[in-house]
Amino acid sequence: MTQNIPVVKKILNENDLLAQQIRQRLEATDTFALNFMASPGGGKTSVITRTVQALRDEVRLGVMDGDIVELDLRELAQMGIPVSLINTGGQCHLDANMVFSALPSLELEALDLLIIENVGNLICPAAFDLGVHANVVIASVPEGDDKPYKYPAMFKGADVLLLNKMDLADYFDFRVDYFRRGVEALNPGLAFFPISCRSGEGFDAWLAWLREKLATHQAQRSEPNS
Amino acid sequence: MHELGITQSILQIVLHHAEQAGAVRVQRVNLVIGQLSSIVDESVQFYWDIVSEGTPAHGAELHFTRVAARLRCDDCGHDFPLNAEDYTCPQCGGQRVRVIGGDEFYIESIDVDLAQDVPQTT
């Protein structure tokens, strides 16, 4: 006779357990970590590069890049930033196992901020917890204003949203209010910054948000010792 | 797009629970998948037949319970299915809405044949 056995287990349980281990590692070294997600061409590398340029003198940072070639990392490496390539071999997302395996390639003790660049994709990366402190989602004007409606899971899981390529707003029929309405339904009160990597517009606000998060994290970390 | 990895995770969990229960064969796997978890049923079943080969779960039927993503209007409390073009409340036109489900992604149960059943069934 066939018997029904209750399981009730999350399919990504294994990933979530590893993400928990990453979280513990990051806590142990006081490293604040960000996971950057966007479509291919949305501006992940450009946003990261500009962010690194702005913060490199005040924060010790490192970058982990999920990609198939090292191209994206060259500019950062030339700046003297510790970088680590996770060769994804064409995978559609980073998972906790890939990030966990790559952690030893960076000296976490020497990093205040770890930036992880995920694979360009608005679907798959949303499902995998990487154990970071915040998920940064980048949308961009040429992609269209319907993205929150087509890829709800990605926007639902974001902790901060950047709308890149605002310098092109005059050339596209991008309805910022329609876009934001979709985002608000999925993720009420989500921090939102319209930016342009090209002109630098909006970067002050985004960097202020990031500096505040870093300061809060560091303050929380030093509390138990004081 | 990553259904192969997902299918391997499902198999791992299923085999673990089947073994714990002393099962010799898994007949059916009952999955609950929310609309926001972008997973294609046919694709998982396709990979399942490959990755489960040689295990007690080979040939098991995967049963998907799909949970639609729903929104609730903050203004009037109306519940409605998520529409991929507009999240406006169809009842009152409210635009303050929130997602109230659809990200489920778990194995609910498995139907198995236990070891002591075998002599009776063969």
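Which residues form the covered face of strand E3 (residues 70-73) of chain B, and which the uncovered one? B:Leu71 and B:Cys73 make up the covered face. B:Arg70 and B:Arg72 make up the uncovered one. The model is predicted.

## Strand E3 of chain B and its partners

E3(B) pairs with strand E4 (residues 79-81) of chain B. The pairing is antiparallel and spans three bridges. Here B:Arg72, from the uncovered face of E3(B), has B:Asp79 in E4(B) as its bridge partner. The hairpin of E3(B) and E4(B) has five residues between the strands. Within this hairpin, B:Gly77 takes a positive phi near 85 degrees.

E3(B) is also joined to strand E5 (residues 97-99) of chain B. Again the strands run antiparallel, with three bridges. B:Leu71, from the covered face, stands opposite B:Val99 in E5(B).

## The contact between chains A and B

Chain A gives 29 residues to the contact, and chain B gives 34 residues. By type, the side of chain A that touches chain B divides into 17 nonpolar, six polar and six charged residues.

Seven bridges join E1(A) to strand E6 (residues 105-114) of chain B. The two strands run antiparallel. In this pairing, A:Asn4 stands opposite B:Asp111 in E6(B).

Two residues of chain A, A:Val8 and A:Asp30, have positive phi without being glycine. A:Val8 lies in strand E1 of chain A. Its phi is near 45 degrees. A:Val8 counts as exposed because its C-beta has 10 other C-beta atoms within 10 Å, and the cut-off for exposed is 12 or fewer.

A:Asp30 is found in the loop between H1 and strand E2 (32-38) of chain A. The phi of A:Asp30 is near 60 degrees. A:Asp30 has 15 C-beta neighbours inside 10 Å, so it counts as partly exposed.

## The largest nonpolar core

The largest nonpolar core holds 95 residues. Four of them touch the most other members: A:Phe36, A:Ile116, A:Val137 and B:Val14.

What is A:Phe36 in contact with, leaving aside its neighbours within four places in sequence? The contacts are A:Lys44, A:Val47, A:Ile48, A:Ile115, A:Ile116, A:Glu117, A:Asn118, A:Val136 and A:Ile138.

## A:Trp209 in helix H8

A:Trp209 lies in helix H8 (residues 203-222) of chain A. Is A:Trp209 buried or partly exposed? A:Trp209 is partly exposed, because 18 other C-beta atoms lie within 10 Å, and a buried residue needs 20 or more.

Not counting residues up to four places away in sequence, A:Trp209 touches A:Val160, A:Ala191 and A:Phe193. A:Trp209 and A:His133 are 76 residues apart in sequence. In space they are 14 Å apart, C-alpha to C-alpha.

Definitions and conventions: Residues numbered from 1 in each chain as written. Chains lettered and ligands numbered in written order. Predicted model: local features only at pLDDT ≥ 70, side-chain atom pairs only at ≥ 80, totals over all residues. Helix = DSSP H or I, 4+ residues; strand = E, 2+ residues; numbered from the N terminus. Contact = placed C-beta atoms within 7 Å. Nonpolar A, V, L, I, M, F, W, Y, C, P; charged D, E, K, R; others polar. Pairing = 2+ DSSP bridges. Core = buried A, V, L, I, M, F, W, Y, C linked by C-beta atoms within 7 Å.
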